[in-house]
Amino acid sequence: MTPFRLLFLLPFALLLGGCDLVVMSPSGDIADQQANLIIISTILMLIVIVPVMVMIVLFAWRYRHTNTEARYEPDWDHSTGLELIIWSVPLLIIICLGAVTWMGTHLLDPYRPLDRLAHGKPVTEEHVPLEVQVVALDWKWLFIYPEQGIASVNEMAAPVDRPIHFRITSSSVMNSFYVPALAGMIYAMPGMETTLHAVINAPGEFEGFSANYSGAGFSGMRFAFHGLEQGDFDKWVETVKSADGALNRPDYLDLERPSENVPIRHYASVDAGLFNAILNMCVEEGKMCMKEMMAIDAEGGLGLAGIHNTMPLTYDKYARRGAVFGPDPSYVLSICAVEEAPGTAEFTPTPPANMSPIVGAGLKRPNVKPLRSFPTTFWAAPSRPSNS
């Protein structure tokens with residue numbers, strides 16, 4: 001190859017040097033199977049693309065204007081053999097792609113527990129999954145380890161060859177949890193829980209990030225994922241437990257406030273019910289959880305009596321939760337008897353309004369003066385006929 005051609009290809013080599021091939025060469029079994037799906041799909045599509053590209057060049061050269069030896073058949077319009085090739089090959093490719101997609105959709109379903117750690121390594125009863133609760137915040141990631149009783153911000157770790165069960169939610173807007181070396185991305189949504197089952201098969205430090213734009217601090221919403229041997233994972237847990245601070249509900253509300261490029265932070269202990277409170281949007285003290293409200297709605301709701309059983313929500317990022325239009329947001333404080341409500345001694349129940357139906361008979365005459373003089377008989381109530 002001449003030096004001129006090498007110089008021409010140099011910019012393309014530099015561009016390829018910036019590519020990260022972790023998606024095609026991952027360290028987790030789920031991500032590896034997903035990479036195989038990409039390869040298989042690409043090869044199946046190239047079965048059509050490559051011959052078409054070759055024939056474009058071949059036909060252009062064969063039937064160029066200056067080639068007088070090319071056969072000229074202006075009346076040709078049909079070939080059964082050619083029609084069979086044109087229609088059968090794409091049909092077979094679609095059938096193969098459909099079969100691969102169907103199997104991959106079910107076998108790699110993120111909600112499906114793992115049945116293998118790697119090729120030839122089935123999951124047994126000894127492989128207890130590690131549960132990790134993931135919360136997408138603005139703009140950082142919170143990881144809670146309920147079994148170990150610890151939590152971390154923008155850093156997580158997992159043992160090699162141990163199934164991981166992720167429970168994922170969000171505090172405000174939709175986001176996407178993605179560790180390319182581990183598995184595919186999955187959405188994190190407020191008030192909803194998504195699930196991901198995965199495994200890391202090789203030790204190392206990998207990058208995870210948000211794959212769904214979520215605001216000003218989106219670009220810095222990244223975290224470190226450590227694949228560790230079991231002994232090193234135990235040391236990491238002890239390191240986190242030696243940190244100062246506990247993650248309780250008031251601390252979480254401070255952490256939830258928007259912040260950008262947050263450094264790694266560890267919590268030696270965590271409120272046992274924090275994740276469920278985040279999921280049900282009831283971290284605030286005394287606020288009714290979403291699952292309780294849904295249970296009430298399923299039984300018919302509170303009706304008109306529950307409309308005013310609300311209290312304004314004073315905090316939401318810069319202003320408040322929800323849209324900027326409409327009335328102030330509110331939430332139900334509690335559902336309880338009068339005796340159970342706080343401040344019962346100072347509470348005086350309001351007597352119920354008269355809910356008897358309104359009818360026209362027997363109503364008092366309105367106290368309205370006429371605009372001009374009329375006979376008094378005009379305003380007199382009509383006399384009723386006597387029964388006698």
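The model I am working from is predicted. Aspartate 232 sits in helix H4, residues 230-241. On the surface, I found Asp232 in a patch of negative charge together with Glu229, Asp234 and Glu238.

Next I turned to salt bridges; the structure holds 9. One of them joins arginine 167 to glutamate 131, at 3.3 Å from N to O. I noted that this pair links distant parts of the chain, with arginine 167 in strand S7 (residues 164-170) and glutamate 131 in strand S3 (residues 130-137), 36 residues apart. Arginine 167 counts as buried because its relative accessibility is 16%, under the 20% cut-off. Glutamate 131 is partly exposed, at 24%.

I then checked arginine 222 and glutamate 207, whose closest N and O atoms are 2.9 Å apart in a salt bridge. Arginine 222 is in strand S12 and glutamate 207 in strand S11, so the pair ties together parts 15 residues apart in sequence. I read 40% relative accessibility for arginine 222, partly exposed, and 42% for glutamate 207, also partly exposed.

I also looked for shared partners: salt bridges join Glu131, Arg167 and Glu193 into one network.

Last, I looked up the unreviewed UniProt entry, which annotates residues 37-61 and 82-104 as "transmembrane region". In the model, residues 37-61 are 100% helix, with end C-alpha atoms 36 Å apart. Residues 82-104 are likewise 100% helix, and there the end C-alpha atoms lie 33 Å apart.

Terms used
Residues are numbered from 1 along each chain as its sequence is written. This is a predicted model: local features need pLDDT of at least 70, side-chain atom pairs count only at pLDDT 80 or more; totals for chains, interfaces and linings use all residues. Side-chain values use heavy atoms; hydrogens and water are left out. UniProt positions are given in the numbering used here, feature names are shortened, and annotations may be inferred rather than shown by experiment. Helices (H or I, at least four residues) and strands (E, at least two) are DSSP runs, numbered from the N terminus. Patches are made of residues with over 30% relative accessible area and no salt bridge: like charges are joined within 9 Å, nonpolar side chains (Val, Leu, Ile, Met, Phe, Trp, Tyr) within 5 Å. Accessible areas come from the Shrake-Rupley method with a 1.4 Å probe; for residues, only the protein chains shown count as cover. A salt bridge is a side-chain nitrogen of Lys or Arg within 4 Å of a carboxyl oxygen of Asp or Glu. Lys and Arg count as positive and Asp and Glu as negative; His and the chain ends are not counted. The place of a charge is taken as NZ of Lys, CZ of Arg, CG of Asp or CD of Glu. Buried means under 20% relative accessible area, exposed over 50%, partly exposed in between (1.4 Å probe, protein chains only).
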